[in-house]
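Please walk me through this structure in the viewer, one selection at a time. For each stop, say what to select and what is found there.

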Amino acid sequence: MKKNILEIKDLSISLNGKKILNNISMEIWEGYVHAIVGPNGAGKSTLASTIMGLEGYRHYTGSIFFKEKDISKLSIDERARLGITFGWQEPARYEGLLVKDFLKAAAGNKNDDFIFEQLERVGLEPEEYAERAVDKTLSGGERKKVELASILVMDPDLVLLDEPDSGIDVATLDKIFEVIKEQKKKKRTIVLITHSLAVLEQADHAFLFCNGEILEKAVAKKIIPYFKDRCIPCKHKNIPDKEGVRLE
Amino acid sequence: MNNNDLTKELSQITETDDIFKQPDIAHVFIHQHKVIQSHLLPGLKVDVKEFEDHIVVNTIVEKNIKIDKPVHMCFGMLPEKGIQKMVIHNEIQENASASFLSHCAFPNAVDIQHIMDGTIKVGKNARFRYLEKHVHGLHGGVKVYPHTKIQLSEGARYYSEFELIKGRAGLIDIDYEAFCEKNSVLEMISRISGKEDDKIMIKETAHLMGERARGFLSSRVAATGNTRAEVYNKLTASAAYARGHIDCTEIIKDNAIVSAIPIVEVNHPKAHITHEAALGSVDSKQLQTLMARGLNEEDATDLIIKGLLS
Ligand SMILES: Nc1ncnc2c1ncn2[C@@H]1O[C@H](COP(=O)(O)OP(=O)(O)OP(=O)(O)O)[C@@H](O)[C@H]1O
Ligand SMILES: [Mg+2]
C-alpha cells in the first residue's frame with residue numbers, strides 16, 4: 001500500500017505575470033525514489049522551490065499537503081522542521097563559514113562522528129574538507145557534494161534534489177547512487193530533478209514535465225523513451241506568445 | 001591593583017594566560033600608560049617612555065631576525081573611565097620577520113578613549129603580520145582611534161587584521177594609510193560588527209607606488225540595531241604592474257545604515273585596480289539554504305555573519 005508523503009493538487013504559480021506551473025497535481029509516495037524530467041524551462045526547479053516555500057514562490061493557487069498537513073502558510077524553516085529539504089541546482093557559497101559548521105547547522109543534536117560520516121559518504125575526506133570554508137575556493141563539484149552531505153546530516157523524510165549530478169564526476173556519481181539506495185532503505189523519500197538518464201534510472205517512478213504541465217506520470221522505465229526521442233511530441237512547443245505567456 | 005594582578009586580569013580577558021609559561025613567546029603588557037609586564041627575545045627591542053597622559057612605545061625587530069611565534073602586545077584599561085593614548089612605532093628591519101598580536105582590552109568601559117597614533121616600517125624583504133584583536137565591554141562606552149601610517153620598502157610583505165572579538169564596538173575610527181614600494185605586498189583586513197548605536201568608521205588607504213607593488217583592502221562589517229558604518233577604501237596605483245583590489249561587504253539588519261566609498265586612482269597605463277562591494281541584507285540564497293536545513297531566520301543570519309567576520 002503506497003502512502004503519499006506529499007500531495008499536490010491543482011498547483012499553479014505565476015512569476016512576474018508569467019504562468020510557470022499550470023494545474024499540477026501529483027503524489028509523492030513515501031519511501032520511494034521519484035524523478036522529475038523535462039526540458040529546460042519546463043518548471044521543474046520552480047516546482048521544487050514552491051514546495052520548499054522559497055522567497056518569491058509563495059503565491060500559488062492549489063494546495064500542497066505534506067504528511068497530510070497543509071503547508072502553504074509555513075515558512076521555509078517550519079517546512080524543514082516537518083521533514084522537507086531542498087538541494088539547490090547551484091548551491092550558495094558562504095564566505096568564512098567552515099564546512100563543519102555548515103554541516104553542524106543541519107545536524108540538530110546528531111554528533112560529530114555522524115556529521116563526518118556523511119562527508120565520507122559523498123566522497124569528501126573530513127580531514128581535508130571539514131576545516132575549509134564553503135566559499136569560492138571550493139570547486140563547483142565539491143560545493144555540490146558539501147550540499148549533499150548537509151542534506152544527509154539533516155536526514156529529512158523528503159528531499160528535493162535539483163540536478164544532483166551536475167558537475168559531479170563519475171566515481172562520485174556512483175557513490176551518490178549508493179547513498180540514494182541506502183536512504184531509500186531507510187524509508188526516506190527522494191525526488192530527483194534531472195536531465196540525466198543515469199539518474200532517472202535510479203528512480204522508481206517519474207514525472208515528465210513540459211511547459212509547466214505534467215505530460216506523463218509512470219514507472220521510471222516508461223519515461224526513458226523521452227531521452228531516446230529527445231522529447232515526446234506534444235502540443236506544447238514551449239514557444240511563448242508575444243507577452244511571454246505560454247500558449248494554451 | 002598591583003602589576004601582577006593587572007597582568008593576570010588582562011591576560012584572562014584576552015585569553016593569553018598560557019603565554020607566560022612559554023619562554024619563546026615575547027610579550028609586552030601595558031595598562032593605560034604603564035608597562036606592567038614584559039618579556040623580550042634576542043633581536044626584539046622595545047623602548048618605552050611613560051608619561052602622565054600618554055605612552056611612547058618604540059619596537060624594533062632587528063635586521064635578519066626571524067621571530068617564529070607571535071609577539072603578544074596587550075594594551076588595555078580595566079577602569080570604567082579614562083583615556084589611553086599611545087604613540088607606537090614599529091620597525092621591522094631588512095630581512096626580518098615577525099608577527100605581532102595586539103590585544104586591546106577595555107572590558108569594563110563606560111567612557112573610555114583609546115587613541116593610538118602609530119607608524120609601521122617594514123624594511124626591504126622583511127615580513128610583518130599585525131593582528132589587532134579588541135575585547136570591549138558590553139556598554140558601548142568605548143571610543144577607539146587606531147591611526148597608523150605604514151611604509152613598505154622594496155619586497156616587503158605586510159598583512160594586518162583588525163577584529164572586534166568581544167563586546168560592543170562603541171565608536172571605532174580606523175585610519176590606516178600605507179605607502180608601498182616596488183614588489184611589496186600589502187593586505188589589510190578589518191572585521192567588525194556593530195549593534196545598538198555603535199558607530200564604525202573605517203578608512204584604509206594604500207598607495208602602490210613601486211613597480212609590481214600589490215595591495216588588497218578588505219572590510220567586513222555587520223551592522224544591526226541603529227549602527228552606522230562608513231567604509232572608505234582608497235587605492236592608488238602609480239607604477240607599472242602595480243595591482244590592487246578593494247573588497248567590501250557590509251551586512252545590515254534592523255535600522256542600521258552602512259555606506260562604502262571606494263576610491264581607486266590609477267595613473268600608470270600598466271597598473272590595474274579593481275573593486276567590489278556588496279551592501280545590504282544577508283544573501284537570500286545563503287539564508288534560505290540554512291532555513292531549509294531547519295534553522296530559523298535569526299540563527300541562520302547569525303551563522304552567516306559569524307562566517308563573514310571570522
Ligand atoms: N522570476 C521569474 N520570472 C519570470 N519567469 C521566470 C522566473 N523564474 C523562472 N522563470 C521562468 O520559468 C520557467 C521555468 O523555470 P525553471 O527554472 O523552473 O525551469 P527548469 O525546468 O528547472 O529548467 P532547467 O532544466 O533549465 O533547470 C522558465 O521559462 C523560466 O524562464
Ligand atoms: Mg532547473
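## Stop 1: a sheet in chain A

Start with the open sheet of 4 strands in chain A, which has the order β2-β1-β4-β5 and antiparallel pairing. The edges are held by β2 (18–29) and β5 (69–70) of chain A; each has a single partner strand, so one side of each is left without a neighbour in the sheet. Keep in mind throughout that this is a predicted model.

Now select residues 4–15 and 60–66 of chain A. These are strands β1 and β4, which run antiparallel and are joined by 6 bridges.

Next, pick Lys3(A) and Glu30(A), whose side chains form a salt bridge with an N to O distance of 3.6 Å. This pair links distant parts of the chain: Lys3(A) is in the segment before β1 of chain A, Glu30(A) is in the loop between β2 and β3 (33–37) of chain A, and the two are 27 residues apart. Glu30(A) has a relative accessible area of 31% and is therefore partly exposed.

## Stop 2: the nonpolar cores

Select Leu6(A), Ile8(A), Met26(A), Leu47(A), Phe209(A) and Leu290(B). Within the largest nonpolar core, which has 92 residues, these touch the most other members. Helix α6 (residues 140–154) of chain A gives the most to this core, with 7 residues. A second, separate core has 65 residues, among them Phe75(B), Met86(B), Tyr130(B) and Ala271(B).

## Stop 3: the magnesium ion

Centre on ligand 2, the magnesium ion. Ser45(A) coordinates the ion through OG and Gln89(A) through OE1, at 2.0 to 2.5 Å. The two residues come from distant parts of the chain, 44 residues apart: Ser45(A) is in helix α1 (residues 44–52) of chain A, and Gln89(A) is in the loop between β6 (84–87) and α3 (99–105) of chain A. Ser45(A) counts as partly exposed, at 26% relative accessibility. Gln89(A) is also partly exposed, with a relative accessible area of 31%.

## Stop 4: a helix pair and a hairpin

Select helix α2 (residues 76–82) of chain A. Arg81(A) and Asp77(A) both lie in this helix, 4 residues apart, about one turn. Their side chains meet in a salt bridge, at 3.2 Å from N to O. Is Asp77(A) buried or exposed? With a relative accessible area of 6%, Asp77(A) is buried.

Then move to residues 205–210 and 213–219 of chain A. These are strands β9 and β10, which run antiparallel with 6 bridges joining them. The two strands form a hairpin with 2 residues between them, and in the turn Asn211(A) has a positive phi of about 50°. Leu208(A) stands opposite Glu216(A) in β10(A).

## Stop 5: where the chains meet

Colour by chain and look at the contact, which takes 27 residues from chain A and 21 residues from chain B. The two chains bury about 1,900 Å² between them, 56% of it on carbon and sulfur atoms. Trp88(A), Tyr94(A) and Glu95(A) supply 29% of the area that chain A buries against chain B, more than any other three residues.

There are 2 salt bridges between chain A and chain B. For a salt bridge to Glu95(A), select Arg220(B); the closest N and O atoms are 2.4 Å apart. Arg220(B) also forms a salt bridge with Asp247(B), with the closest N and O atoms 3.1 Å apart. Asp247(B) is in strand β17 (residues 243–252) and Arg220(B) in strand β15 (residues 214–223) of chain B, 27 residues apart. Asp247(B) counts as buried at 10% relative accessibility, and Arg220(B) is buried at 4%.

## Stop 6: a buried serine in chain B

Finish at Ser184(B), in the loop between β12 (171–180) and β13 (185–194) of chain B. Ser184(B) is buried, with a relative accessible area of 0%. Not counting residues up to four places away in sequence, Ser184(B) touches Leu152(B), Ser153(B), Gly155(B), Ala156(B), Arg212(B), Ala213(B) and Arg214(B).

Definitions and conventions: Residues are numbered from 1 along each chain as its sequence is written. Chains are lettered from A and ligands numbered from 1 in the order in which they are written. This is a predicted model: local features need pLDDT of at least 70, side-chain atom pairs count only at pLDDT 80 or more; totals for chains, interfaces and linings use all residues. Side-chain values use heavy atoms; hydrogens and water are left out. Donors are N, O and S atoms within 2.8 Å of the metal (3.2 Å for Na, K and Ca); water is not among the atoms, so sites may look incomplete. Buried means under 20% relative accessible area, exposed over 50%, partly exposed in between (1.4 Å probe, protein chains only). A nonpolar core is a set of buried Ala, Val, Leu, Ile, Met, Phe, Trp, Tyr and Cys residues joined through side-chain atoms within 4.5 Å. Two strands pair if DSSP finds at least two bridges between them. Contact means heavy atoms within 4.5 Å. Buried area is the accessible area (1.4 Å probe) that two parts lose on being put together, summed over both. A salt bridge is a side-chain nitrogen of Lys or Arg within 4 Å of a carboxyl oxygen of Asp or Glu.
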